[in-house]
Amino acid sequence: MSNNQIVDRLKNFVLRPRVDLWMWSSLKLGDGENIFRFMLSKCNFIHNALEIGTFLGMSSALIAEYADMVHTLDMHYYDNEFRNVLWEYLGVNKKIVFHPFSANKQKMKIIKDNGPYDFVFIDGSHLAEAVALDFSLVYDVPKILMHDYGLDWADITEFVDKVATDGYNGNKYDLCVKVPFALLTRRMNDGN
Ligand SMILES: C[S@@+](CC[C@H](N)C(=O)[O-])C[C@H]1O[C@@H](n2cnc3c(N)ncnc32)[C@H](O)[C@@H]1O
């Protein structure tokens, strides 16, 4: 497909029926994207990234600019074609693998099979139980970026604050906040 064809298709997707979905992506342009990029730039060199919660693939595309490879997973497909066209248009399609799943067992296997990771972006379900499950699967990853911290999602904010204060499973973390993102950096060789 030529670049022009890709752009045409992307315009069709953006401007026609998918506009409602597209509008939901808080990272598409402006401040959301800028703060996300700021947090990504604090992660140095990312070799293998994991994303929990793909949606339309906007954050996956941004992560791919800072990483060699991105594994992203979601329990809904939304619009595969839109996502593929977007990733192709942005020139990151070869770096991203989308993994759909329907059950937690499957999700755990995908995460295990494609690791280890040096960065994870947690942006799936924002409810306490799911946030706790997602974190339990990736707590050893050196850089853990949480979305929607410090906004109306109390479960996320409370969970992050607790992990930053108490640690998790023997790990301790440094917290860097730029609302709506919270970056947890695992401390190395720190028994305190
Ligand atoms: C806020 S959206 C992700 C937005 C995307 N990261 C972006 O910024 O472009 C949350 C996504 O998580 C998915 N999701 C919901 N529950 C999930 C779960 N338990 N595990 C993984 N993904 C989940 C939803 O289907 C939805 O696509």
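I began with the strand pairing: β2 (residues 67-74) and β3 (residues 96-100) run parallel, joined over five bridges. The model is a predicted one. In this pair I found V70 opposite I96 of β3.

For the overall count, I noted eight helices and seven strands. Of the 192 residues in the protein, 33% are buried. I also looked up contacts between residues at least 6 apart in sequence, and 64% of these join residues at least 24 apart.

Next I went to the largest nonpolar core, which has 44 residues. The members that touch the most others are A49, I63, V120, M146, V160 and F181. Helix α4 (residues 58-64) gives this core its largest share, five residues. I listed the contacts of F181 beyond four places in sequence, and among them are I35, F36, M39, L145 and M146.

I checked the backbone for cis peptide bonds. One joins G115 and P116, with omega about 0 degrees; P116 sits in the loop between α6 (104-114) and β4 (119-122). Another joins V179 and P180, with omega about 15 degrees; P180 is in the loop between β6 (173-178) and β7 (181-186).

Last, I looked at phi. N44, not a glycine, has a positive phi of about 50 degrees and lies in the loop between α3 (31-41) and β1 (46-52). N44 counts as exposed because it has 11 C-beta neighbours inside 10 Å. N169 is also not a glycine and has a positive phi of about 50 degrees. I found N169 in the loop between α8 (154-166) and β6.

Definitions and conventions: Residues numbered from 1 in each chain as written. Predicted model: local features only at pLDDT ≥ 70, side-chain atom pairs only at ≥ 80, totals over all residues. Helix = DSSP H or I, 4+ residues; strand = E, 2+ residues; numbered from the N terminus. Buried ≥ 20, exposed ≤ 12 C-beta atoms within 10 Å, placed from the backbone. Contact = placed C-beta atoms within 7 Å. Pairing = 2+ DSSP bridges. Core = buried A, V, L, I, M, F, W, Y, C linked by C-beta atoms within 7 Å.
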